[in-house]
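These are my notebook entries on a structure that I examined. They are set down in the order in which I looked things up.

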Amino acid sequence: MTAGQLIEASLDLVLGNDITSPVAIKEMEKFKKEGVFDKEKIALVLDHFVPAKDIKSAENCKCVRDFSGAHGITNFFDVGEMGIEHALIPEKGLALPGDLIIGADSHTCTYGALGAFSTGVGSTDMAAGMATGKSWFKVPGALRFELTGKPGPYVMGKDLILHIIGLIGVDGALYRSMEFTGEGIQYLNIDDRMTVTNMAIEAGGKNGIFPVDEVTKAYLEEVAPCKAYTAVEADADAVYDESYTIDLSALQPTVAFPHLPENTKTFDEIGDIPIDQVVIGSCTNGHISDLRMAAKLMAGKRVASGVRCIVIPATQKIYLQALEEGLIKTFIEAGCVVSTPTCGPCLGGYMGILASGERCVSTTNRNFVGRMGAIDSEIYLASPAVAAASAVAGRLACPG
Amino acid sequence: MEKARGTVFKYGDNVDTDVIIPARHLAITDPQGLAAHCMEDIDKEFVNKVKAGDIMVAEKNFGCGSSREHAPIAIKASGISVVIAETFARIFYRNAINIGLPIIECAEAAREISAGDTVSVDFDSGLITDETTGKTYQGQAFPPFMQEIINAGGLINRINANA
């Protein structure tokens with residue numbers, strides 16, 4: 001198989017959410033063949049606008065709920081069980097090394113952290129996947145990122161991926177695969193790796209992928225103890241379009257300024273930027289280690305006067321774990337609000353919309369014009385460490 | 001395949017799906033309802049000015065960001081007959097083919113064609129003609145596999161035809 005070749009391949013999982021699934025479900029009606037290819041290999045997660053924010057969202061959720069009921073979809077996750085899909089799917093053991101996964105959500109590329117090939121598609125591809133269990137792909141070329149060194153105590157996966165997007169640009173990996181390798185990966189836990197692969201799309205990438213190592217195996221032992229998988233490795237003579245070496249020990253906390261994820265700066269280039277809101281959460285950074293880092297920096301401190309800080313654990317399990325570890329108490333005592341899992345503010349849905357001229361430091365993934373609210377509001381993308389330090393300082397602040 | 005001919009709406013690099021159709025309208029699923037908000041965060045006049053057959057021209061990485069199929073659906077339902085860009089973000093590219101919105105990559109045309117020009121596109125050959133300036137550009141015609149999907153009227157019709 002070579003780059004550029006068009007292939008048809010069998011799917012291990014087809015994923016959709018409350019925004020994209022209703023469009024796919026409507027498309028399903030056009031198929032001659034009725035039903036789904038495998039009710040075990042479809043995952044439908046209500047996560048974007050739930051608990052329903054308005055009547056239209058409620059109708060969309062009902063559409064997905066009815067479809068799941070009618071077809072006996074095993075992995076349907078409703079309010080109470082749901083989490084943000086890209087945190088929930090790995091946690092449920094539904095993404096394994098070597099799997100081929102498509103999802104009608106651009107951040108489906110997250111599961112490459114576990115050695116799966118996973119990529120975002122639209123609703124029609126999702127419908128075709130649900131009906132036939134197959135999809136067409138153009139074999140992508142690849143970029144290789146060799147990671148060396150050990151990151152500093154407040155440097156996270158987010159800093160790495162923002163640094164890379166700043167380096168290669170928002171279309172630097174267009175149509176291509178981003179492969180992460182090298183001795184430095186041992187210092188990235190699964191949460192950090194998921195942050196990195198999650199944002200491959202922000203460089204235009206088709207997917208992001210890590211090799212399966214001891215860190216991956218330990219995680220899978222926990223979430224999918226009885227499941228068999230076949231890890232896929234890059235060939236020794238694999239051809240890469242470009243290769244980069246990144247020294248993790250030299251990375252600094254990094255912030256992407258409005259209005260593109262490639263507008264990255266480190267704190268030596270950042271002046272005084274007062275802020276109005278902080279969001280800590282999303283499929284990118286709502287994991288337990290993200291919340292631990294944020295809580296560590298907020299313990300015994302207060303969110304600055306005039307700043308709202310919204311914390312959103314990505315799944316029910318993470319929420320409960322954060323509660324048991326005392327992180328939620330830390331956040332509330334610091335003056336944060338804590339929400340049930342939702343994509344909400346990340347895409348300007350609800351739970352933290354920005355007014356005209358407001359500035360938000362956010363651990364989410366996109367800072368496009370109008371993404372979180374008013375078209376002249378501003379989003380600064382950063383790690384949970386930078387976000388927590390900034391919430392306390394009332395302005396963009398370097399942790400530690 | 002037929003030709004497209006219309007007046008150009010011109011945009012720059014990295015037009016993302018959040019500005020093509022902002023998420024505050026994503027609970028809408030009806031194509032005309034989506035078209036009513038198409039491009040509103042970067043071009044408030046678009047919905048008032050666009051006519052059936054008009055052409056959108058943009059530069060690099062058109063349609064980056066979210067996988068929302070609502071974006072090409074909104075563009076198609078607004079009457080746009082073809083989008084010409086230097087490059088397209090890959091999910092948008094797939095979605096456009098799958099729903100039958102013609103798109104064509106051509107760097108030179110994307111840079112040189114101006115807003116308001118009258119442009120025609122021959123889908124079979126990939127030839128783009130700017131009738132206002134008289135210049136022609138060779139865009140990349142679709143590979144046969146994708147032409148099959150477009151000619152069938154989208155991915156689902158193609159799957160039905162081959163079933």
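Entry 1: I noted the rule: a residue is buried if 20 or more other C-beta atoms lie within 10 Å of its own, exposed if 12 or fewer, and partly exposed in between, with C-beta atoms placed from the backbone. The model is a predicted one, in which local features need pLDDT of at least 70 and side-chain atom pairs count only at pLDDT 80 or more, while totals for chains, interfaces and linings use all residues. Residues are numbered from 1 along each chain as its sequence is written, and chains are lettered from A and ligands numbered from 1 in the order in which they are written.

I then placed A:Val338 in strand S16 of chain A, residues 337-338. Helices (H or I, at least four residues) and strands (E, at least two) are DSSP runs, numbered from the N terminus. Which residues does A:Val338 contact, leaving aside its neighbours within four places in sequence? I listed A:Val311, A:Ile328, A:Phe331 and A:Ile332. Two residues are in contact if their C-beta atoms, placed from the backbone, lie within 7 Å.

Entry 2: a sheet in chain A. I traced an open sheet of 4 strands in the order S10-S9-S8-S11, with parallel pairing. Strands S10 (207-209) and S11 (242-247) of chain A stand at the edges with a single partner strand each, so one side of each has no neighbour in the sheet. From one strand to the next the twist averages 20°; axes are lines fitted to C-alpha atoms, for helices over the stretch in contact, and angles run from 0 to 180 degrees between N-to-C directions. Two strands pair if DSSP finds at least two bridges between them. Strand S8 of chain A (residues 142-148) pairs with S11(A) over 6 bridges in the parallel sense. I found A:Glu242 of S11(A) as the bridge partner of A:Leu143.

Entry 3: domains of chain A. I noted domain 1 (8-135), domain 2 (142-228 + 239-250) and domain 3 (256-393); such bounds come from an automatic or database domain assignment. The C-alpha centres of domains 1 and 2 of chain A lie 24 Å apart. Their contact takes 18 residues from domain 1 and 19 residues from domain 2. On the domain 1 side, helix H3 (85-91) and strand S6 (117-120) of chain A each supply at least two residues, and S6(A) gives the most, with 4 residues.

Entry 4: chain A against chain B. I recorded 44 residues from chain A and 36 residues from chain B in this contact. H4(A) gives the most to the chain A side, with 6 residues. That side divides into 18 nonpolar, 13 polar and 13 charged residues. Ala, Val, Leu, Ile, Met, Phe, Trp, Tyr, Cys and Pro count as nonpolar, Asp, Glu, Lys and Arg as charged, and the others, Gly among them, as polar.

Entry 5: chain B. I counted 8 helices and 7 strands in chain B. Buried residues make up 53% of its 163 residues.
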